[in-house]
Amino acid sequence: MATAAAATASSLSLLFAHPHSSNPRPFAGGSHLRRPLRAAPHRARCASDAAAASTTATKHRRPAEENIREEAARLRGPGNDFSAWYVPFPPTPEDNPNERYSLDEVVYRSSSGGLLDVCHDMEALARFPGSYWRDLFDSRVGRTTWPYGSGVWSKKEFVLPEIDSDHIVSLFEGNSNLFWAERLGREHLGGMTDLWVKHCGISHTGSFKDLGMTVLVSQVNRLRRAPLSRPINGVGCASTGDTSAALSAYCAAAGIPAIVFLPADRISLQQLIQPIANGATVLSLDTDFDGCMRLIREVTAELPIYLANSLNSLRLEGQKTAAIEILQQFDWQVPDWVIVPGGNLGNIYAFYKGFEMCRVLGLVDRVPRLVCAQAANANPLYRFYKSGWTEFQPRVAETTFASAIQIGDPVSVDRAVVALKATDGIVEEATEEELMDAMSLADRTGMFACPHTGVALAALFKLRDQRIIGPNDRTVVVSTAHGLKFTQSKIDYHDRNIKDMLCQYANPPINVKADFASVMDVLQNKLNGKI
Ligand SMILES: Cc1ncc(COP(=O)(O)O)c(C=O)c1O
Ligand SMILES: N[C@@H](CCOP(=O)(O)O)C(=O)O
């Protein structure tokens, strides 16, 4: 398993620094956690705790004239002193060690042009032991109390601790199903006993992007409103379909203009209709995703449009809660493996960050090994990994059924490398046939997976074949989108309408004459295993 030592070596440790400390991980030895806790006074200092406590204590309904936001405001206790800010990531020797930015600044890059990340005041969070955070997060599950009914905002102190709950734009995202893939594991993966699929795609807009978008749009909402009143006229993104759907829905809910750049003819119809229906400005561009990404970066540098891609590290603060949620769903036991399909590569890092934050704060004692799975047609990270991390080469991504990860120049490649190195991680790839077969086999065992989940499942098949993942290893495959967004690929597969693909799990409908004898004939053949 990945160890604390491996993680300590990573530059993520700098994210967990105290604001005024030069020690990169002041709490790594855990002595802070041994300090006796003065539970009562500390509890009183945390507004969200007060709200949570009153949730459990209050048995009666809120007054009819009050909505859940107003109820939350009434119950709000004194402010907390948790905070977070941006730092360069991963830090390079050229970076000023004191470089940091308020989350209220509009900034996406460090002064040396590198990525940024959100750094939390871990000293403030570590005043509470892991058991406190576990209990607090558990106490908020399944409630409507604003904003904690959301799987993201139920972990508000770990996400955007300073935002006023009134500014939060939430569609009660998260809390997604962790599906025990019993039959797939037992029958098709060499008797795996502990295989799970985290259905992040069973969500408001049908993908995991909702988790990050609630955070980003909430922060934009805060910036636009008094007293900050920043002149942000809209929020924009480049997209392979899911980011744009999430951005459009959250912006529509908040009344903020959304602008989306889409690669023409490269996203599914179901994805395309989402921003159109939500009233976004949709630009369909004659280029690929990487071309759209370059353009949105140029445009957001010129116009008062806030950038919503995961280059903006706010998104990852929401996405990381899926990792915390997995731990929670296992009663805070750590899985052995987590397999994540990768494209622009923000999500693999978000998972690492969520797990690592829980380890550092004592909610768990280790982190899982991570696997990043890429389509062979869009595999720049896989090639980088196979080169022994020597040289990263962007590539032109070719067409793949996993169209949302058809990305050749991922913006978060540096983040992915940190996550994989710190967790003794692996990168695997899947051909078109492998991913479609894996997806279709999963469907045969009760799922309705998307092709990206197929990529992750195909990676699992390979790692089982190589005996890297054992039959009893607790393994979580992250399903990133709803299969209903990608029905055309399933139709083509079951129609055996894909060039050079056997489509071995195709299950086409049988055309039968509408008379009793013909129907009986077909059914008898079916029951006798002849067709
Ligand atoms: C459905 C789906 N799966 C996986 C990914 C990959 O996530 P990331 O870009 O964070 O690597 C994306 C987006 O890129 C996606 O839309
Ligand atoms: N799959 C993504 C691609 C963009 O990724 P992002 O996380 O940087 O927004 C999409 O759906 O657009």
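Figure 1. Glu-182 counts as partly exposed at 34% relative accessibility, and Arg-186 counts as partly exposed at 44%; here buried means under 20% relative accessible area, exposed over 50%, and partly exposed in between, with a 1.4 Å probe and protein chains only. The model is predicted, so local features need pLDDT of at least 70 and side-chain atom pairs count only at pLDDT 80 or more, whereas totals for chains, interfaces and linings use all residues. Residues are numbered from 1 along each chain as its sequence is written, chains are lettered from A and ligands numbered from 1 in the order in which they are written, and side-chain values use heavy atoms, with hydrogens and water left out.

**Figure 2. Other salt bridges, among them a pair between Arg-222 and Asp-104.** A search of the whole structure finds 20 salt bridges. In one of them, the side chains of Arg-222 and Asp-104 meet at 2.7 Å, N to O; Arg-222 lies in helix H10 (residues 209–224) and Asp-104 in the loop between E2 and E3, so this pair ties together parts that are 118 residues apart in sequence. Arg-222 counts as buried at 19% relative accessibility, and Asp-104 is buried as well, with a relative accessible area of 15%. Another salt bridge joins the side chains of Glu-356 and Arg-359 at 3.0 Å, N to O; both residues lie in helix H16 (residues 346–360), three residues apart, which is about one turn of the helix, and both are buried. Asp-117, Glu-317, Lys-320 and Lys-353 are linked in a network of salt bridges.

**Figure 3. Three strands form an open antiparallel sheet.** The order of the strands is E2-E1-E3, and two strands are said to pair if DSSP finds at least two bridges between them. Strand E2 (101–102) and strand E3 (115–120) stand at the edges with a single partner strand each, so one side of each is left without a neighbour in the sheet. Six bridges join strand E1 (residues 84–89) to E3, and Trp-85 stands opposite Cys-119 in E3. Most peptide bonds are trans.

**Figure 4. Strand E6 is covered on both faces.** Five of the five residues of strand E6 (residues 234–238) are buried, with Gly-234, Gly-236 and Ala-238 on one side and Val-235 and Cys-237 on the other. E6 pairs in the parallel sense with strand E9 (residues 305–307) over three bridges, and four bridges join E6 to strand E7 (residues 258–263), which also runs parallel to E6.

**Figure 5. Cys-200 and Cys-358 are two buried cysteines in a structure with zero disulfides.** A disulfide is defined here as a pair of cysteine sulfur atoms within 2.5 Å, and a search of the whole structure finds zero. For Cys-200, the nearest cysteine sulfur, that of Cys-450, is 11 Å away. The sulfur of Cys-358 is 15 Å from the closest cysteine sulfur, in Cys-200, which is too far for a bond. Relative accessibility is 5% for Cys-200 and 0% for Cys-358.

**Figure 6. Arg-496 and Cys-503 have a positive phi although they are not glycines.** Both residues lie in the loop between helix H21 (487–494) and H22. Phi is about 50° for Arg-496, which is partly exposed with a relative accessible area of 47%, whereas phi is about 55° for Cys-503, which is buried with a relative accessible area of 0%.

Methods:
Helices (H or I, at least four residues) and strands (E, at least two) are DSSP runs, numbered from the N terminus. A salt bridge is a side-chain nitrogen of Lys or Arg within 4 Å of a carboxyl oxygen of Asp or Glu.
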